[in-house]
Amino acid sequence: MKLEQCPFCGSHHLSVEMKDSSWDPRYSELHVICNDCACMSPIYIWNNRHKNNSVNYRLERVS
Ligand SMILES: [Zn+2]
């Protein structure tokens with residue numbers, strides 16, 4: 001799976017690790033960790049967040 005750049009600092013220095021789920025600690029999920037600003041989120045949210053940010057940015061520019 002292709003990883004988007006960090007939505008906070010734009011870094012491509014990313015690690016992927018299995019971590020306990022934020023939603024349910026009985027499960028583990030693949031998380032993306034930014035090595036530059038130390039933010040972390042589940043991999044599916046990481047890529048969604050980036051998409052959402054792009055959409056918001058476009059909407060802001062139009063209005
Ligand atoms: Zn970052």
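Predicted model: local features only at pLDDT ≥ 70, side-chain atom pairs only at ≥ 80, totals over all residues.
Next, select the strands together, which form an open sheet in the order β1-β2-β3 with antiparallel pairing. At the edges lie β1, residues 14-20, and β3, residues 40-42, each of which pairs on one side only. If you turn the view, you can see that neighbouring strands of this sheet are turned by 35° against each other on average, direction ignored. As a general rule, strands of a sheet pair through backbone hydrogen bonds, either parallel or antiparallel.

Now select β1 with β2, residues 28-34, where the two strands pair in the antiparallel sense over seven bridges. Within this pair, Val-16 has Val-32 of β2 as its bridge partner, while Ser-15 stands opposite Ile-33 in β2.

Keep Ile-33 selected and look towards β3, where the bridge partner of Ile-33 is Met-40. Here β2 and β3 pair in the antiparallel sense over three bridges, and they form a hairpin with five residues between them. In the turn of this hairpin, select Ala-38, which has a positive phi of about 65°.

Among contacts between residues at least 6 apart in sequence, 37% join residues at least 24 apart.

How values were computed: Residues numbered from 1 in each chain as written. Pairing = 2+ DSSP bridges. Helix = DSSP H or I, 4+ residues; strand = E, 2+ residues; numbered from the N terminus. Axes fitted to C-alpha atoms, helices over the stretch in contact; angles between N-to-C directions. Contact = placed C-beta atoms within 7 Å.
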